[in-house]
Amino acid sequence: MLVYIIKRFLAAILTVFVVSIVVFTMLHLLPGDPIDAIISQSGAQLTAAQIQEIRSNMGLDKPLPIQYINYIKKALHGDLGRSFWSNRPVFQEIIDQIPFTLELAVASLLIATVCGLTTGIIAALNHNRFLDNAAMFLAIMGVSMPNFWLGLILILVFCLNLGWFPIAQSVGLPALVLPAFSLGIRTASIISRMTRSGLLEVFGADYIRTARAKGVRTFGLVVKHALRNAFIPIITMLGLQFGELLAGSVVTETVFARRGMGQLVVSSIKDRDFPLAQGVILVVAIMYIGVNLIVDIFYSCIDPRIRYD
Amino acid sequence: MREEAKVLDLADQKMSDTEQTKFGDENLLEVKDLKTYFYTEDGVVPAVDGVSFSIKKGETLGIVGESGCGKSVTALSIMRLIQTPPGKIISGQILLNGEDLLKKTEKEMNDIRGNWISMVFQEPMTSLNPVYTVGDQIMEAILLHQNVKKIEARKRTLEMLKMVGIPSPESRINDYPHQMSGGMRQRVMIAIGLACQPKMLIADEPTTALDVTIQAQILDLMKRLKDELGTVIMVITHDLGVVAQMVDKVVVMYAGKVVESTKTAELFANPLHPYTVGLLGSIPKVNEDRKRLQTIEGVVPNLLELPVGCRFRPRCSKKMEICGQEGPHLVEVKPDHWVRCWCFAERARGETDEGK
């Protein structure tokens, strides 16, 4: 199993490198020159020579691969460069905003998991009866509601009309509830359906029949025998959904006027703020790859057949 | 034998009377007029339609028949493992040591399953839970029904593994099912089945999914365990070879009904029902000079569209007029030899009975 973990870890690191190359290349291939954008914003009149000096100070006149290598060398030491716009270290900008996004992502993942698993299990245990149909109806509703729409509706009802939750706050638990819900409901619905169908499939398996023939009671059957087998695809899905949640956080942060990486991502790309954009995207990618690495390791703990790959 | 004595000592008191009345005359299991129907969208399927038989202590019973004749459903009905819906045991009695299993609550049945009656299934490759070790799954059976600590259960699991012939049980106990071959998994299934030393073991086509050499080993194992533990075994099979090797008494089923029932030697020597005659005749014999195998004409009837009268009539070479009008009853044509056929109704000793 250790070999498996090491292999996965190395694969993850390789993936991070590939992502960094792709991001770097894509940003630099975008039309629009950061220098021109900054200069026109500031309204200054500069000669061509002065512009060229600024360009070479920023290292933007070197060939692309050289720029990339310089970037990576510094990044490995934790220096992600300075934002073209604010001139603050990229690392600092990210550290300032990351806690809010992480908070949101984790909270919505929690909601998704708890709601999704519970409704899925209830649906599977009451197959084709009222609770099953009700749960699946809710799941379809949840999956069909766009993140931003749901967010706006929640603000309208719970903040403006009922006044239960604060608006436009980034700190504290009350401010986290509605954004986490609006972001997590979609994933919850997906998990709910997957749990239900996974469990139903497992219920029909031969080894469940063997367990019943041994005299295992229903509760033990579900919790001990069925869930662990049904979990494997569900956990995979959770890992992948984390990426969706990170992406969705951009929209949610905008709708709820929360601080976070969302606004960093959007503004840095819009302004061609290369160092910042690269830094943010790289950090997000590392978070996503990290979560999936944890998922990989976790389900080798659950499913012994995977340990020997 | 010392090892087996140790295992018996650790068992509950229920073991002792099986040892004493090994060939007693009491019936361990009596199935009386069992009817299990399946209510499907296309209609009602009478999968088991009035089946009766009994097994004495120390006996081995074989239930033989083609696919779809109701043998597995009978076994699942005894264990009350029928999926309801769409299945339902609508009538009959299943007496285990005199107590009717059909009147028990689900909780009582959970105590009985794995403990007093165990079942071993056909597909060893998929019948074990892939995420738990083999040892865990055997220990689960023990811990469910016996009031022992985990250490004790583990010790007993090792003994069971040894008893079913698995080499190096100390290391195998921590193996997962996917690390074992089909034959070994079936041995584990038997170990699970016998872990609590049940009075009866039902084996549903235990060797069908295994290759022939392993088949022989598993059958030998079951015979040995039958002798050592005194467990009553009910074997369900379509393989007459298994029947000949292992069982004392045979019940032949067709389309949900028992058509012949007698001791094994008698069945092979004097098959009476045309179906049984056909079955035995269709076994290829090495010393026979034939170009085509002998078959029984026709196919098993669709249980949703059963013929009026005798269910075997469309395929029978001896059909008479009455066969198309009324279904025959099970009659005792010779001592302890029951047949459901109009050919023998007159020859009966004046006794007709729907069950034994």
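Two residues are taken to be in contact if their C-beta atoms, placed from the backbone, lie within 7 Å. The structure is a predicted model, in which local features need pLDDT of at least 70 and side-chain atom pairs count only at pLDDT 80 or more, while totals for chains, interfaces and linings use all residues. Residues are numbered from 1 along each chain as its sequence is written, and chains are lettered from A and ligands numbered from 1 in the order in which they are written.

The contact between the chains draws 18 residues from chain A and 24 residues from chain B. On the side of chain B that touches chain A, at least two residues each come from helix H4 (106-112), strand S6 (117-120) and helix H5 (134-145); helices (H or I, at least four residues) and strands (E, at least two) are DSSP runs, numbered from the N terminus. H5(B) gives the most to this side, with 4 residues. By class, this side of chain B holds 11 nonpolar, 9 polar and 4 charged residues. Here Ala, Val, Leu, Ile, Met, Phe, Trp, Tyr, Cys and Pro count as nonpolar, Asp, Glu, Lys and Arg as charged, and the others, Gly among them, as polar.

Within chain B, the assignment gives domain 1 (2-26 + 58-70 + 105-253) and domain 2 (255-344), with bounds that come from an automatic or database domain assignment. Taken over C-alpha atoms, the centres of these two domains of chain B are separated by 32 Å. Their contact takes 14 residues from domain 1 of chain B and 19 residues from domain 2 of chain B. Helix H10 (240-246) and strand S9 (249-254) of chain B each supply at least two residues of the domain 1 side, to which S9(B) gives the most, with 5 residues. That side of domain 1 of chain B divides into 9 nonpolar, 2 polar and 3 charged residues.
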